Amino acid sequence: MEKQPLPTDDDRTGATESEMDCLAGQESQQSTSEPAARAGWNSKIEYFLAQVGFSVGLGNVWRFPYLCHQNGGGAFLLLYVLLMLVVGIPLFFLELAAGQAIRQGSIGVWKYISPRLSGIGYSSCVVCFFVALYYNVILAWSLFYLGNSFQYPLPWEQCPKEGNVTVQECQKSSPTSYFWYRKALDITDSIDETGTFNTYIVCCLLAAWTIVCLGMFKGIKSSVKVMYFSSIFPYVVLFCFLVRGLLLDGALDGITYMFYPKLEIWADIQVWRQAATQVFFALGLGFGSIIAYSSYNPKNNNCHRDAFTVSSINFLTSVLATLVVFAVLGFRAKEKVTSCIISNIKELSEQFHSGFVDQTLMPSFDYSDPSSVAFEDYRAWFKQSGNMVPGNLTDCDLEKEMQKGVEGTGLAFIAFTEAMSLLPGSPFWSALFFLMLLNLGLSTMFGTMEGILAPLADRFKTLANNKTKLTIFSCIIGFIIGLLFTQRCGNYFVTMFDDYSATLPLIIVVVFETFSVSWLYGADRFLDDIEGMLGWRPSVIYKYLWKYICLLAMLGLLAATTIQMIIKRPTYVAWNEEMGSEETLPYPDWALAVLALLIVFAMMPVPLGLIHAVLQDRTKKAARDTEIGQYSIVSTDEKYETPMTDMSELDQRNGTAVQF
């Protein structure tokens, strides 16, 4: 049976409820006019702010710089751009076009494209819900740090004292690490120790969900007003930090370490996997938020140009954030290396004057003023003679200092906060930074919530008529379940959700999306529909990218991710209070079971949707056979009609003529 083309605006007004039950390709249409929320964007600027705000998030600031530094610097950038052009943008365009053409959320879109894969949309909603749960906890942490930034000196600049004695845990680590793990999180030593709820973080989480609810309760009409600030303000802060960072001593050293190309990494399959994963998550593929936002566009909107524009802005933002991060971290590393050199030179001088060090082992540079010793001169001497000098002299390595705490929360709440505490006017820069993190997270949260609310409202008329109540109810449920992450062990659950609850399910969702469009619906027919929508036909190269390159790339990424999880037991970074340092621990068996359940629960709608569609088809077929039997012997004017003729006439009366 030939599938109907994507709907036009005229088609949407004439459909009835009975036609939705019969038409496999038009089940997502509504029997009445579209809900008010489908009125659309007021301007193209609002749409861009929403799409850019969703795709540009915390990962651009604390994930991309780390990957770029660890995986070859400039070489990783080239690899990232290659994968973005070949895989990222085509899939981004696919979701934009599908949402704009069908004008439904993810549930309605994939049910229209292929009714037997209608579960794809529900899986997207589940994954969005998982992400929203832990993502808002990060906003709560940002609110906590933002509130603590309005004091001088900053509470994480110095170790606290108990009486006249410095707290031992802080002395063994650093003031910023101590404040993060002990004051902000009050963390346990492992995920097995639950601990009590952290009152401050609970209050901050409540505030974060309240902000999200207030920004979403009128749909895109209210959230876009917040996005004018939340999407633009981070760029203002990044440019301010860039200008300030470039003026710092050590900034150029940090940027040099960052962008120094190491082409040999192209031979490492894990680097390809990490680059593909970053492209995948940076653009927000599979969440359904892209589809939801594009569904509010007019049919003639140039979504092809939007795909390139939003992807380019996302990439340039990542590069800008990387420049900022490594300029500031270069300054931090230079400060720590300078302190290291001064400390070592002083110890060396004391040992020399005490007669423990021979004159031949002493450096040739002027060490009478330790603060004037060049970093390169000290390292050259240490490599030659440092190991022969008694004592605890260390190799003050700038690159090792750059690598400390530069990923994820460690970057934002430890490394970057430490760097800002060294700046003049540190409270101002700290407040600016955490306000930026809050706005980056908010714009992403709005998109994530839209990926949940829009599909449900489009699918169920009752929810569409009570969307405000649905928004409030969803935020309340999110807060209640999110209390899991406010326990003393909550940070470990945030790590678990971040690493595993979305990775595999989202990849599988995008695999099904690409397969259903390019093979089940047909890439050529999809391009025909886009041509009718835009007035021009996109290049035929998209057909081959969707059918082969993107699909194979996603399957390869899925296989590589699964194999890595099987070969290497999942681990997490825990804080050891006694040692005052981080340590890597394997997840216990019960945590692995929870991890597996998260993945299974996220993907369960896909097979359930398939089973439901098959059973529904069989039920309809049985009912249709019964009706055919009732008319099989009817004749007029001695003209006998076959059961096929009767079925065709019945189908025509029901509006479901079969095309052969």
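What relative accessibility does Glu-577 have, and what does it count as?

A: Glu-577 has a relative accessibility of 37% and counts as partly exposed; buried is under 20% relative accessible area, exposed is over 50%, and partly exposed lies in between (1.4 Å probe, protein chains only). This is a predicted model, in which local features need pLDDT of at least 70 and side-chain atom pairs count only at pLDDT 80 or more, while totals for chains, interfaces and linings use all residues. Residues are numbered from 1 along each chain as its sequence is written, and side-chain values use heavy atoms, with hydrogens and water left out.

Glu-577 has a salt-bridge partner in Arg-182, with 3.8 Å between the closest N and O atoms. Glu-577 sits in the loop between β3 (571-576) and β4 (581-586), and Arg-182 belongs to helix α10 (residues 175-184), so the bridge ties together parts 395 residues apart in sequence. A salt bridge here is a side-chain nitrogen of Lys or Arg within 4 Å of a carboxyl oxygen of Asp or Glu. Helices (H or I, at least four residues) and strands (E, at least two) are DSSP runs, numbered from the N terminus. Arg-182 counts as buried at 11% relative accessibility, whereas Glu-577 is partly exposed.

Further salt bridges can be followed from there. The whole structure has 14 of them. One joins the side chains of Lys-44 and Asp-306 at 3.2 Å, N to O. Lys-44 is in helix α3 (residues 44-55) and Asp-306 in helix α17 (residues 303-353), so this pair links parts 262 residues apart in sequence. Lys-44 is partly exposed, at a relative accessible area of 29%, but Asp-306 is buried, at 0%. Another bridge pairs Arg-537 with Asp-528, whose closest N and O atoms are 2.4 Å apart. Both of these residues are partly exposed: Arg-537 has a relative accessible area of 34% and Asp-528 one of 40%. Glu-577 and Arg-182 are also part of a network, joined with Glu-169, Asp-186 and Arg-488 through salt bridges that share partners.

Helix α3, which holds Lys-44, is mostly covered, with nine of its 12 residues buried. Among the buried residues of α3 are Tyr-47, Leu-49, Val-52 and Phe-54; Glu-46, Gln-51 and Ser-55 are in that list too. The end C-alpha atoms of α3 are 17 Å apart, which agrees with the 16 Å that its 12 residues should span at 1.5 Å a residue; the expected span is 1.5 Å times one less than the number of residues.

Surface of another kind lies on α25 (503-534) and α26 (541-567), each of which supplies at least two residues of a nonpolar patch. The patch covers about 840 Å² and is made by Phe-515, Trp-519, Leu-520, Val-540, Tyr-544, Tyr-548, Ile-549, Leu-552 and Leu-555. Patches are built from residues with over 30% relative accessible area and no salt bridge, like charges being joined within 9 Å and nonpolar side chains (Val, Leu, Ile, Met, Phe, Trp, Tyr) within 5 Å. Accessible areas come from the Shrake-Rupley method with a 1.4 Å probe, and for residues only the protein chains shown count as cover. The largest share comes from α26, with five residues. Val-540 is placed in the loop between α25 and α26 and is partly exposed at 48% relative accessibility. Phe-526, also in helix α25, is buried with a relative accessible area of 0%.

Of the contacts (heavy atoms within 4.5 Å) between residues at least 6 apart in sequence, 80% join residues at least 24 apart.

The average pLDDT, the predictor's confidence in each residue from 0 to 100, is 81, and 87% of the residues score at least 70.
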